[in-house]
Amino acid sequence: MMHQAQMLFLVTGTCNMNCPHCAQGWWRKDYMDYHMTPDEIRTICRRTRELGLHFAQALIMGGEPALWKHLEEGCRVIRESGLFNRIDIYSNCKDTKPLISLLDKGLADRIAVQVVNMSPNGVCELWKDHAHRVDITQQDVHKIHPDKPIEGALPALCGCDQITVFDGRVYSCPGAYHNTKRMGWDVDNPRLWVNVEDDWRTYFERMDRYGIKACTVCLANGRVWKVAVDGNKAGELVGGVK
């Protein structure tokens with residue numbers, strides 16, 4: 001089997017927070033009512049197996065995964081597929097009951113949360129019995145997103161290794177849709193994505209994954225990360241987050 005690093009499932013646009021620095025803010029605007037179905041996940045897993053792929057991690061993200069209507073069944077399908085070594089849930093921990101249930105039933109391995117958008121009470125609740133499964137990311141500074149393409153940003157210096165899936169499409173990275181939409185470019189441009197039923201392994205092997213236009217405004221791109229934007233030095237806080 002061919003091994004890839006991570007597959008990120010964008011399972012719902014629903015969220016109980018509205019963080020100004022949200023990495024999927026523009027995606028959520030278009031997919032606010034979206035809930036990935038168990039059948040969608042079965043299709044993704046079937047194609048993953050048919051293409052000879054295996055992933056180190058399945059990353060469940062939104063929106064807020066705890067609000068996903070099919071959280072338990074979806075995670076069960078992913079677990080039982082045997083195609084992922086680990087299942088991580090990216091959550092703000094405001095609603096811990098479904099998360100604790102997943103951990104207790106062995107349907108998730110880790111709950112990941114960022115300092116800038118976590119619920120301290122929720123994290124403490126998880127810590128009571130699952131402290132070793134709570135991963136707090138100490139990312140307390142968010143850089144300002146560029147509002148125009150950065151010259152000289154391609155080829156991108158990017159450490160992203162997350163194939164992203166939602167709505168029957170596979171994207172080369174988590175920021176492809178978000179940054180394309182934010183800049184007013186065409187999110188239906190097939191260069192950004194491939195249908196789940198297609199041979200997306202070969203598709204991504206052929207293409208320059210980090211040569212797409214969205215890379216010129218993506219903060220995962222090391223060239224963009226270092227550039228001053230509209231007079232603001234990269235590294236300034238967004239939305240007063242401290």
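## Contacts, burial and backbone

Visitor: What does I60 touch?
Guide: I60 touches F9, V11, P65, W68, C75, I78, I87, D88, I89 and Y90, leaving aside residues up to four places away in sequence. Contact means heavy atoms within 4.5 Å. This is a predicted model: local features need pLDDT of at least 70, side-chain atom pairs count only at pLDDT 80 or more, and totals for chains, interfaces and linings use all residues. Residues are numbered from 1 along each chain as its sequence is written, and side-chain values use heavy atoms, without hydrogens or water.

Visitor: Why is C15 called partly exposed?
Guide: Buried means under 20% relative accessible area, exposed means over 50%, and partly exposed is in between (1.4 Å probe, protein chains only). C15 stands at 25%, so it counts as partly exposed.

Visitor: Why is N179 called buried?
Guide: Its relative accessible area is 3%, under the 20% limit, so N179 is buried. N179 touches H145, W185, A214, V217 and C218, again without residues up to four places away in sequence. N179 sits in helix α6 (residues 175-182). Helices (H or I, at least four residues) and strands (E, at least two) are DSSP runs, numbered from the N terminus.

Visitor: Which residues in the largest nonpolar core touch the most other members?
Guide: They are F9, M36, I60, F84, I89, F166 and W200, out of 61 residues in that core. Strand β2 gives the most to this core, with 6 residues. A nonpolar core is a set of buried Ala, Val, Leu, Ile, Met, Phe, Trp, Tyr and Cys residues joined through side-chain atoms within 4.5 Å.

Visitor: How do you know the expected span of α2?
Guide: The expected span is 1.5 Å times one less than the number of residues. Helix α2 (residues 38-50) has 13 residues and reaches 18 Å from first C-alpha to last, close to the 18 Å expected. Its buried residues are P38, I41, I44, C45, R47 and T48. Just after α2, G52 has a positive phi of about 70°.

Visitor: How many disulfides does a search of the whole structure find?
Guide: The search finds 0. A disulfide needs a pair of cysteine sulfur atoms within 2.5 Å.

Visitor: Why is C93 called buried?
Guide: C93 has a relative accessible area of 0%, so it is buried. Its phi is near 65°, a positive value in a residue other than glycine. Most residues other than glycine have a negative phi, and most peptide bonds are trans.

Visitor: Which peptide bond has omega near 25°?
Guide: The bond from G62 to G63 does, and it is cis. G63 lies in the loop between β2 and α3. Another cis bond joins L154 and P155, with omega about 0°.
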